[in-house]
Amino acid sequence: AADLGIVEQLQGMPKLPKEAKSVLGDLEEIATTGGKFVGDILNVSRIERGVLQVNLGEVGLSALVGQTLEPLLETAKERGTSFEVSAIPKAAKVHVDVEKTVEALRNVADNATKYSPKGTPVTIAVAQDGPKTWTISVSDKGKGIPKEFWDKVFEIKSEVTPDASSGSAGLGLYLTKKFLEAMGGSVSFKTGPKGTTFVVRLPAA
């Protein structure tokens, strides 16, 4: 597999031919996607062995949502959609593992952009559900999830291989569920012919 550090060093070389830059760009994508795939497989192994570690801390929901969406903005644009985020109270804070929560939310948000019809936004709404829980709802206006797949949404897909077009390894929603449960949260969904909403529940700080 391509080493991302070496690729980045080569990209920084002066007077690099255009053809070489193009090849290095392709290698960078392969290295990034492959690195995420390996990381996902390692996390699945840790989950199955019961040794997944979480580092809990307090974080504002506004910062958490921003960190989640920032890398997805360009991808969403390429897919003909965008994100609409409702106002998030400044006092909204949660007690979570930031890195794993961001990955969990990013998996859900990225999926929503895949299934949103072009020209329709993915909406993200934050709400308080009692004194101990905040919810983040991610909604698309797609065709909905067929009923025969409802009980398989959070399972590992049968064929797990890196997908360079989406950065997915068929593990995203499985890891989302496991990550959230490990820190006292959860994820659920409701779906129909007018779209799907995933609801992430996080412990309030």
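1. A salt bridge, as the term is used in this note, is a side-chain nitrogen of Lys or Arg within 4 Å of a carboxyl oxygen of Asp or Glu. By that criterion Asp-110 forms a salt bridge with Lys-114, and the closest N and O atoms are 3.9 Å apart.

2. Please keep in mind that this is a predicted model, in which local features need pLDDT of at least 70 and side-chain atom pairs count only at pLDDT 80 or more, while totals for chains, interfaces and linings use all residues. Residues are numbered from 1 along each chain as its sequence is written, and side-chain values use heavy atoms, with hydrogens and water left out.

3. On confidence, pLDDT is the predictor's confidence in each residue, from 0 to 100; the protein chain averages 81, and 73% of the residues score at least 70.

4. Five strands form an open sheet in the order S2-S4-S5-S7-S6, with mixed pairing, where two strands pair if DSSP finds at least two bridges between them. The edge strands, S2 (83-85) and S6 (186-192), each pair on one side only. S2 and S4 pair in the parallel sense over three bridges, whereas six bridges join S4 to S5, which run antiparallel, and S5 and S7 are paired in the antiparallel sense over eight bridges. In the hairpin of S4 and S5, which has four residues between the strands, Gly-130 takes a positive phi near 80 degrees.

5. Helices lie against this sheet: H5 lies across S2, S4, S5 and S7 and runs at about 25 degrees to S5, and H6 lies across S6 and S7, at about 135 degrees to S6. For these angles, axes are lines fitted to C-alpha atoms, for helices over the stretch in contact, and angles run from 0 to 180 degrees between N-to-C directions.

6. Leaving aside residues up to four places away in sequence, Phe-83 touches several residues, among them Leu-69, Ala-109 and Ile-124.

7. A search of the whole structure finds seven salt bridges. Arg-79 forms one with Asp-110, at 2.9 Å between the closest N and O atoms; Arg-79 lies in the loop between helix H4 (73-78) and S2 and Asp-110 in helix H5, so the pair ties together parts that are 31 residues apart in sequence. Arg-79 is buried at a relative accessible area of 19% and Asp-110 is buried at 10%, but Lys-114 is partly exposed at 29% (buried means under 20% relative accessible area, exposed over 50%, partly exposed in between, with a 1.4 Å probe and protein chains only). Arg-79, Asp-110 and Lys-114 are linked in a network of salt bridges.

Conventions. Contact = heavy atoms within 4.5 Å. Helix = DSSP H or I, 4+ residues; strand = E, 2+ residues; numbered from the N terminus.
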